[in-house]
Amino acid sequence: MALDGCGLLCKYILIIFNIIFALLGFIFLGVGMWLRLSPNTRAIFEVEELNSSAFVIAVTVLIALGAVMLIVVSFGDYGACNQKICALQVFSVLLSILALAEILIGVLAYSNRDEVGLRIVEFYGSMYALYMKDGDPVIGATLTFIHSTLHCCGVTGIPVLEMAVKTCPKPDGFFEKIVMPNCPNIIASVFDSKAHLVMGVFVGTGALLITALICTIILMTQLKKVRQEVTAYYSNVY
């Protein structure tokens, strides 16, 4: 006795979901490990003043999230492909925890967007101060990347007075040779303006996990039904 149409549909949805989830897990884990071990960013983790910074926390979260996703996928794929109820039960519990965590993190990040933005600005200020103190080329390269991406120039925004002017991008037009946007204000405003997108990503991911959880429950129900039918059949035969 096999699964009916609904059970088969949920089984293949879970298999596809787990493949996508595994790819994302490998990407998160790979990016996190690359940022942690890359020669260009490794020095950041060796500086005590930056151990609690947003960058270090973000990289740690990427590594942990990637590893957790791969563990979850292993239970999901094994349970769906081999139709193992026990593995699917563990998978459903892990999915529930992840879904609640995703939605909670998204809501907290949005509701505390000002504080999160300030933490990122503090991280930038710490890196800037360290660069001014030691002139570390790794931190200088990181500042250059931040300045180029956000098109800002240090903490003052005034090229003539800016101590880290070497890390600033080329000014666009005559007026930017006199005054450019300063990075702390730009960082805070960018995060504040994109906070709703951050929440949307987390909440949307949570909704996707809930959809997978529903499919898991349906598949487990179908497998239990099939098992009962098989047991009843052999009981009648023998």
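**Close-up views of selected residues**

**View 1. Phe-17 is a buried residue**. Its relative accessibility is 8%, and because buried means under 20%, Phe-17 counts as buried. Keep in mind as you look around that this is a predicted model. Is Phe-21 buried or exposed? Phe-21 is buried too, since its relative accessible area is 8%, which lies under the 20% cut-off.

**View 2. Here you can see two phenylalanine rings that form a stacked pair**. A pair of aromatic rings is described by the distance of the centres and the angle of the planes. Ring centres have to lie within 6.5 Å to pair, and by this rule there are three aromatic pairs. One of them joins Phe-17 and Phe-21, with 5.1 Å from centre to centre and 20° between the planes. That pair is stacked because planes under 30 degrees apart count as stacked. Where do Phe-17 and Phe-21 lie? You will find both in helix α1, which covers residues 5-37. They sit four residues apart, about one turn of the helix.

**View 3. Phe-174 and Phe-175 make an edge-to-face pair**. The centres of their rings are 5.8 Å apart, and the angle between the planes is 70°. The name edge-to-face applies because that angle is over 60 degrees.

**View 4. Met-163 sits in a loop**. The loop runs between α6 (137-150) and α7 (183-237). Why does Met-163 count as exposed? Its relative accessible area is 65%, and exposed means over 50%, so Met-163 falls in that class. Which residues does Met-163 touch, leaving aside its neighbours within four places in sequence? Met-163 is in contact with Tyr-128 and Met-132.

**View 5. Stepping back, the protein contains seven helices and zero strands**. If you follow the sequence, the pattern reads α-α-α-α-α-α-α. The protein has 238 residues, and 36% of them are buried. Among contacts with a separation of 6 or more, 71% are between residues 24 or more positions apart. The protein exposes about 13700 Å², and 70% of that area is supplied by carbon and sulfur atoms.

Note on methods:
Residues numbered from 1 in each chain as written. Predicted model: local features only at pLDDT ≥ 70, side-chain atom pairs only at ≥ 80, totals over all residues. Heavy atoms only, no water. Phe/Tyr/Trp six-rings, centres within 6.5 Å; stacked < 30°, edge-to-face > 60°. Helix = DSSP H or I, 4+ residues; strand = E, 2+ residues; numbered from the N terminus. Buried < 20%, exposed > 50% of the residue type's maximum accessible area, 1.4 Å probe, protein only. Contact = heavy atoms within 4.5 Å. Areas by Shrake-Rupley, 256 points an atom, 1.4 Å probe, with all protein chains shown as cover.
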